[in-house]
Amino acid sequence: MEYDMATGTGPPESKAYCHESVTFGGNDGRLRIKAPKVDVSALAESITLPFSGRTARNRFLKAPMTERLCHWNQEGEDVQARGYPSEDYTRLYERWGEGEIGIIVAGNLMLRYDAVEAFGNPILQDDHDNRTQAFRKVAEVAKKHGSLFIAQLSHPGRQGGAALNPNPVSASDVQLEIEWAGNKFNKPRALSIPEIKEMVKLWGETAYLCQQSGYDGVQVHCAHGYLLAQFLSLTTNKRTDEYGGTNLTKRSKIIFEIIDEIKRRVNDPTFIICVKINSVEFQPGGQTPDDCKNLCLKLEEAGVDFIDLSGGTFEGRAFEHKKASTRARESYFIEFAEMIRPLLKKTKVYVTGGFRTAAGMSAAIASGACDGVGLGRPLGAEPYLCKEILEGRVTGAIENFVPLPLNTQATGTQLQQVGIGDRLVSDWSDEGEVQRWVEANEKETARKIGMLPKVDSSGFPPLKAEVGFEYLR
């Protein structure tokens, strides 16, 4: 999941589809999505990945989110100080590990110090300061209760803000024209073929460092408009050489070179390789469902353990229901999964986005639409949600009344609260707590604009929960 920073606000996502709420009260969440108690045994089943042979304890996946909790360089300090895991970052993954999630995917691990998604990103370009030891501590606590732990490897390409990425690169020189909170994106230059070859090596090196840090595998991030998605999409790839054109094989060439390089550099057949891709971009000329289908078939040939289906870019938001037919089934991308999964003989399919009830998740597995379900924002609000669903303590997630598109930004505040070690996570089913956050966000946005081009924080407004969910019970 990437944070949608589009300007303007609208009604909350919870108002966009028909459902009822149930009152819990106290610190268990003021309102939860009402859902029937169902057999969750399908969610509890283990799943063995086809190429690495590794087994996840259940069908849940913690989707990658941009945590922005790592140490950052001070003004005048070398950029190589960036991206070092902090105590808050480690504590956040300790909590998710305690939640007994089958697969935990850590979000937006950057490949370079000078190409970042945001202030506070983790970075693992080299080991000059023994940072593999710090990342190993993160892996240890995340895996302590039996979860598989995977790093999402990411490069922003043209999608890194100008203040932190003054000289972006991409497949072509197509600029991202949108702006928010005073920030903008500089026009990228197209990578040369020798630079692409170096980029491929960089992915392999970071994968190797992840393996040395105790990760069970890596996720190649090809979604949400980041660098590899920029190669895949005709809207951003205008190349006429071996890495571009109307032929998907050429546009995806860099991805398969990266997969081959990860295998060569890590040299461990049990190391998990998975890919996050867009099922659709929701913008004219963008990646289509047919592109996604054809790419998935090639990924299986390349030995990818699982594909995590998502959708959207900064220009075309995806984290809301686009079609009435998906609302009752919760997941935004369930119909794309149903189109793709029958074509794959080995590679597993996870779907991330929209799941909010045990009934919806169980139905997705039982119907054969997907092999596993990914949860992002709900696990920011409730780090132990998967465990509590399997134990029968809850049947639906806490309601979220934060107005679109700020709901994803608000999750960043919840991640901060968990990382700091607060006992309570802000309860977005309480409209008063939501209003406190909206005011804090407006204040932080104004402060950020006044600071630009200097960037000194994650951008997530800090907030001490007054009405909160007591997850540490």
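Predicted model: local features only at pLDDT ≥ 70, side-chain atom pairs only at ≥ 80, totals over all residues.
1. The barrel. Eight strands close into a barrel, and their order is S5-S6-S7-S10-S11-S12-S13-S14. The pairing is parallel. From one strand to the next, the twist averages 25°.

2. Helix H2 on the sheet. Helix H2, residues 87-98, packs on the sheet and touches strand S5 (60-62), strand S6 (103-110) and S7. The direction of H2 makes about 160° with that of S6.

3. The S7 and S10 pair. Strand S7 covers residues 148-154 and strand S10 covers residues 217-222. Four bridges hold this pair in the parallel sense. One of the residues to look at here is Ile150, whose bridge partner in S10 is Gly217.

4. The neighbours of S12. On one side of the pairing, strand S11 (residues 272-278) is joined to S12 by five bridges, and the two run parallel. Lys276 has Asp308 of S12 as its bridge partner. S12 is also joined to strand S13 (residues 348-352), here by four bridges and again in parallel. In that pair, Phe306 stands opposite Lys348 of S13.

5. Burial of S12. Is S12 enclosed or open? Strand S12 spans residues 306-310, and five of its five residues are buried, so the strand is largely enclosed by the rest of the structure. In a regular strand, side chains alternate between the two faces of the sheet. Both faces of S12 are covered. Phe306, Asp308 and Ser310 are buried on one side, and Ile307 and Leu309 are buried on the other.

6. Helix H8 over S11 and S12. Helix H8, residues 289-301, lies across S11 and S12. Its direction runs at about 175° to S11.

7. Pro85. Where is Pro85 found? Pro85 sits in the loop between S5 and H2. Its relative accessibility is 7%, and Pro85 therefore counts as buried, the cut-off for buried being under 20%. Leaving aside neighbours within four places in sequence, Pro85 is in contact with Cys70, His71, Ala134, Phe135 and Val138. Pro85 and Arg131 are 46 residues apart in sequence, while their C-alpha atoms are 7.7 Å apart in space.

Terms used:
Residues numbered from 1 in each chain as written. Heavy atoms only, no water. Buried < 20%, exposed > 50% of the residue type's maximum accessible area, 1.4 Å probe, protein only. Pairing = 2+ DSSP bridges. Axes fitted to C-alpha atoms, helices over the stretch in contact; angles between N-to-C directions. Contact = heavy atoms within 4.5 Å.
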